[in-house]
Amino acid sequence: MRGLVIKNTGSWYQVKTDDGDLIDCKIRGNFRLKGIRSTNPVAVGDYVFITLNPEGTAFITEIEDRKNFIIRKATNLSKQSHILAANLDQVLLIVTVARPVTSTVFIDRFLAGAEAYRVPVVLLFNKVDDLNENEVLYLNGLINLYENIGYPCFKVSAKLGVGLDAIMASINNKVTLVSGNSGVGKSTFINAILPNLKLRTAEISDMHEMGIHTTTFSEMYEIPSGGYLIDTPGIKGFGTFDMEEEEIGHYFKEIFMFSKDCKYNNCTHTHEPGCAVLKAVEEHFISVSRYQSYLSMLEDHDEGKYRKVRR
């Protein structure tokens with residue numbers, strides 16, 4: 001029997017069968033031994049085959065090939081990954097420039113991870129109703145930066161329902177992952193799009209201006225007009241996983257574009273003579289913040305977080 005994984009609680013998976021039934025499933029013990037280096041070999045968004053048990057539950061016995069997925073380094077197991085979701089049409093990465101601040105390093109790491117697995121990303125700048133003059137200037141600067149690179153950007157206030165009509169048009173009939181740091185308003189946004197859900201939300205900590213986890217597991221929600229939204233727990237950082245050092249620059253669109261003019265094919269864009277990327281940074285064609293994010297990912301490689309290239 002075939003179905004779609006719509007919820008992952010850590011120990012159980014809820015599968016919606018092709019007939020529309022909801023069945024709680026587990027993974028067979030030997031399923032994890034098939035070379036999947038992940039804390040969750042089955043992810044929300046996976047199409048799977050299940051075998052029913054007499055008591056009405058089932059075992060997941062097979063996963064269909066994925067068209068893509070979003071993956072990051074597991075927070076407590078550095079040699080394993082965690083799959084946020086699979087078979088996506090796009091990601092809405094919700095970010096805030098204040099209360100809490102989403103760092104550009106986090107944004108850039110997420111974008112690079114999405115580029116690696118060919119998942120389109122839309123940047124959703126939330127809480128635009130609660131910004132002072134300097135924060136508005138910073139917001140506009142970020143939007144200018146990322147739109148010039150090629151990432152669509154939207155200004156919204158999920159709390160007040162501002163700017164959501166354009167988002168509704170972009171998610172219809174698509175499978176969309178909603179992601180971002182804790183506290184940026186993911187649950188508030190989903191409630192605004194799907195008000196019948198009434199997802200739990202929490203206030204930001206005044207002391208640290210940090211978010212509090214309100215979503216504890218991943219789940220897909222059906223959009224009445226067609227498509228799904230996938231809600232996932234808020235993430236503090238985005239540890240990239242399973243990239244070769246030489247690949248990292250490929251996942252920064254503007255770095256990849258300028259790298260074609262580098263003197264050396266294996267240029268790391270850090271010190272080499274004739275490096276077109278370094279020249280582009282100096283001449284402000286590549287932003288310093290994006291270049292610093294690229295360097296931070298190279299540092300991950302130095303700490304042994306990427307696989308070695310086989311010669």
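**Close-up views of a predicted model**

View 1. L52 stands opposite A58 in β5. The structure shown here and in the other views is a predicted model. Strand β5 covers residues 58-63, and β4 pairs with β5 in the antiparallel sense. Five bridges hold this pairing. Between the two strands of the hairpin there are five residues.

**View 2. Strand β1 beside strand β4.** Strand β1 is made of residues 2-8, and strand β4 of residues 47-52. The two strands run antiparallel and are joined by three bridges. Within this pair, G3 stands opposite V48 in β4.

**View 3. Helices α1 and α2.** Helix α1 spans residues 104-116, and helix α2 spans residues 133-149. Their axes come within 13 Å and cross at roughly 25°. Angles under 35 degrees count as roughly parallel, and α1 and α2 are therefore roughly parallel to each other. The crossing of α1 past α2 is right-handed.

**View 4. The contact of α1 with α2.** Which residues of α1 meet Y138, L142 and Y146 in α2? On the α1 side they are T104, I107, D108 and L111. Sorted by class, the contact has five nonpolar residues, one polar residue and one charged residue.

Notes:
Residues numbered from 1 in each chain as written. Predicted model: local features only at pLDDT ≥ 70, side-chain atom pairs only at ≥ 80, totals over all residues. Heavy atoms only, no water. Pairing = 2+ DSSP bridges. Helix = DSSP H or I, 4+ residues; strand = E, 2+ residues; numbered from the N terminus. Axes fitted to C-alpha atoms, helices over the stretch in contact; angles between N-to-C directions. Parallel < 35°, antiparallel > 145°, perpendicular 65-115°, else oblique. Left-handed = near helix turned anticlockwise from the far one by under 90°. Contact = heavy atoms within 4.5 Å. Nonpolar A, V, L, I, M, F, W, Y, C, P; charged D, E, K, R; others polar.
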